[in-house]
Amino acid sequence: MNKLTEPASQRKVYCATLGCDKNLVDSEALLGRFALHGVQAVNDLDEADIWVLNSCGFIDAARSDSEETLQALIDYKTSQTLVVCGCWSQESGDLIQEKFPGVDVVAGVGQFDRVVAACLGVSESPDDSLEDNKSPKHNNDAFPMAGKPIVSDPMEANYTGMLDRPLLTPGHLAFVKIGEGCNCNCTFCRIPMIRGRQMSRPVNELVREVQGLVGRGVTEIQLVSQNTSDFGRDTGENLLDLVTALNDVEGLRNIRLLYLYSGLVSTDDLLRLLDLEKVAKYLELPIQHASPRILKAMKRPGGSKSSPDFFTTLRKHHPELVLRSTALLGFPGEEEEDVEILADFLAEVEFDHLGTYRYSPEKGTPAAKMPDMVPAEVIYDREALIMDLQSEISQRRQSARLGKVFDVVVDKVFDPSDADFASELEVLRSMDEAHWLDSSENRQAWDLVQNPGPVALGRSYHYGYDLDGVVMLPGKNLEPGQWLPAEFRAATSYDTWALPVSSSHSSEGPGKR
């Protein structure tokens, strides 16, 4: 029996996801399409006979990571069907087939049903469910394995499977992708070439998706897209209407907004969003830089309009607001003066969390043709300077929360018998360098290291899942998905140590969001 005639119900699929949370949602959707045909998703590579690498191609480092991961899969592969899809293969499908002959199926973005058809030899499923009592129709000639890359114009990609997908996150949390593509023309970015222009999903469809997720136990969602601020600009709807509708979903507790562009949304609009009951007092607003000259060369939306006043106005109305951002170091022509402007901006705004990345020239982007490329070693030094500054800012803001009580959701509980318990203990060991409210309490954390007991990792509203740090707690009697009040007792620049308190304890902080 060959792979295309083997019953799908006997087959299992494993998916490795590289890159961003939006790519993770795509992996979930693809696994959901496999599930419609009876193929079981598994977390163990050795159990699966279909392997999927959902790749990233945003920058050169991401493509290198995709190549290395793919080669490792090929080296380990025996008779499995190996699929490569995602951003890297959207642009480099022919190269992948030529360089990696061990790959069976190459596909671009949004080709979920066509990937399933190629792997199983069945016809594509046009809807989000197969008709009852009907078996998938085999169609071995439609998309043969080792055929041409399954790639289309990104504006024609069919992102099916979002409404009913297995989650690759803890069961109480889900990323919800509200749109695809981006209308901005930032000179360093390839996203519009890879993912196309802005394509917003309908509000009613997103509400149905979230209602379904809540019905499966999800209490927190993180809204993602390439440009969340632009939601609905292409359809006549808008972000406020979407979030207001989601705020009314019964059983949902927390809505977190990611990928907002300060140049495309006003402080008034953001304040209206933050006034909604279930919206977390947390916003991610990537700035990429603060030097007016560099922002102009980047063609960032809003440019220098994203002044410190924009962020201080938000905090004036919501002093507890957590702000997250990103900065790009080493853009062509960047000079020491520009980095000083960025450092001054960060010192004034005081972001709680900041991610940095280093510029790499991307084929087809205007910035790749610009003069005055910054040497790699200079970029590394500038990044280190910025992150040293940010570490001080984050430590100061984290320490200010010590002694206060916030609601925490438990994401994971690790037991000493777990295979990855040792790696989690390393996070706990980092608390030895923390600022402790009472230094004698450091002993309790070290007792868990020396005499391992269960350790819980969770988050208060201050931390985005898989983005920021974590809240660590003694894990006895705690379960994933559980919400509880906890008092912050120690903090590093990234993580917090907390102790559960009685549920009758009056929260001293804005804990529920």
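At what angle do the axes of helix α11 and helix α12 cross? Before we get there, a word on the ground rules. This is a predicted model, in which local features need pLDDT of at least 70 and side-chain atom pairs count only at pLDDT 80 or more, while totals for chains, interfaces and linings use all residues. Residues are numbered from 1 along each chain as its sequence is written, and side-chain values use heavy atoms, with hydrogens and water left out.

Now to the helices. The axes of α11 (residues 336–349) and α12 (residues 376–399) come within 10 Å and cross at roughly 15°. Here an axis is a line fitted to C-alpha atoms over the stretch in contact, with angles running from 0 to 180 degrees between N-to-C directions, and helices are DSSP runs of H or I with at least four residues, numbered from the N terminus. The two are therefore roughly parallel to each other, a label given to angles under 35 degrees. On the α11 side, the contact (heavy atoms within 4.5 Å) is made by Glu-336, Val-339, Leu-342, Ala-343, Leu-346 and Ala-347; α12 contributes Val-378, Arg-382, Leu-385, Ile-386, Leu-389 and Ile-393. By class, that makes 10 nonpolar, no polar and 2 charged residues.

Val-203, Leu-206, Val-207 and Val-210 of α6 meet Leu-242, Ala-245 and Leu-246 of α7. This contact has 7 nonpolar, no polar and no charged residues.

Next, look inside. In soluble globular proteins, nonpolar side chains tend to be buried together. The largest nonpolar core here has 53 residues, and Leu-30, Phe-34, Ile-50, Val-52 and Leu-473 have the most contacts inside it. Such a core is a set of buried Ala, Val, Leu, Ile, Met, Phe, Trp, Tyr and Cys residues joined through side-chain atoms within 4.5 Å, where buried means under 20% relative accessible area and exposed over 50% (1.4 Å probe, protein chains only). Apart from this core lies another, of 52 residues, including Val-218, Leu-257, Leu-283 and Phe-351.

Most residues other than glycine have a negative phi. Tyr-259, however, has a positive phi near 60°; this residue sits in the loop between β10 (254–257) and α8 (267–274) and is buried, at 16% relative accessible area. Lys-299 also has phi near 60°, in the loop between α9 (292–298) and α10 (308–317), but Lys-299 is exposed at 56%.

Methods
Angles under 35 degrees count as roughly parallel, over 145 as roughly antiparallel, 65 to 115 as roughly perpendicular and the rest as oblique. Ala, Val, Leu, Ile, Met, Phe, Trp, Tyr, Cys and Pro count as nonpolar, Asp, Glu, Lys and Arg as charged, and the others, Gly among them, as polar.
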